[in-house]
Amino acid sequence: MIPYEVRKAVYDDAIAHYGRESQIMMAVEEMAELTKELAKAFRPAGTTREQIMDEVADVTIMMEQLRLIFDMNEEVQGRIDYKVQRLAQRIGA
């Protein structure tokens, strides 16, 4: 597993190389591709686990970049923690 500090350095380089706007649009594209693969999962021809996994990975990479672009990495983690705790309460976990 690549440590977060190494991933962050690559993300920072990608943002500097391609620009904020380009990476934001790439995030939108990757989310659309994941949406498409998930929708295909309900069709008879379907999709594969690997295709969904690739799109989840792409979206995750772009989400990490968005957290940096908008300077909200720690705040987003705080919201994730809050929402996971709320979910745990709702399901009685």
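Leaving aside neighbours within four places in sequence, which residues is Ile15 in contact with? Contact here means heavy atoms within 4.5 Å, and for Ile15 the list is Arg20, Gln23, Gln65, Leu68 and Ile69.

Quick note before we go on. This is a predicted model, where local features need pLDDT of at least 70 and side-chain atom pairs count only at pLDDT 80 or more, while totals for chains, interfaces and linings use all residues. Residues are numbered from 1 along each chain as its sequence is written, and side-chain values use heavy atoms, with hydrogens and water left out.

Okay, helices, which are DSSP runs of H or I with at least four residues, numbered from the N terminus. Take α1, residues 4-18, and α2, residues 20-40: their axes come within 6 Å and cross at roughly 110°. An axis is a line fitted to C-alpha atoms over the stretch in contact, and angles run from 0 to 180 degrees between N-to-C directions. So α1 is roughly perpendicular to α2, a label that covers 65 to 115 degrees. Who makes that contact? From α1 you get Ala14, Ile15 and Tyr18, and from α2 you get Arg20, Ser22 and Gln23.

Last stop, Met1: it sits in the segment before α1, and is exposed (over 50%), with a relative accessible area of 100%.

Notes: Helices (H or I, at least four residues) and strands (E, at least two) are DSSP runs, numbered from the N terminus. Angles under 35 degrees count as roughly parallel, over 145 as roughly antiparallel, 65 to 115 as roughly perpendicular and the rest as oblique. Buried means under 20% relative accessible area, exposed over 50%, partly exposed in between (1.4 Å probe, protein chains only).
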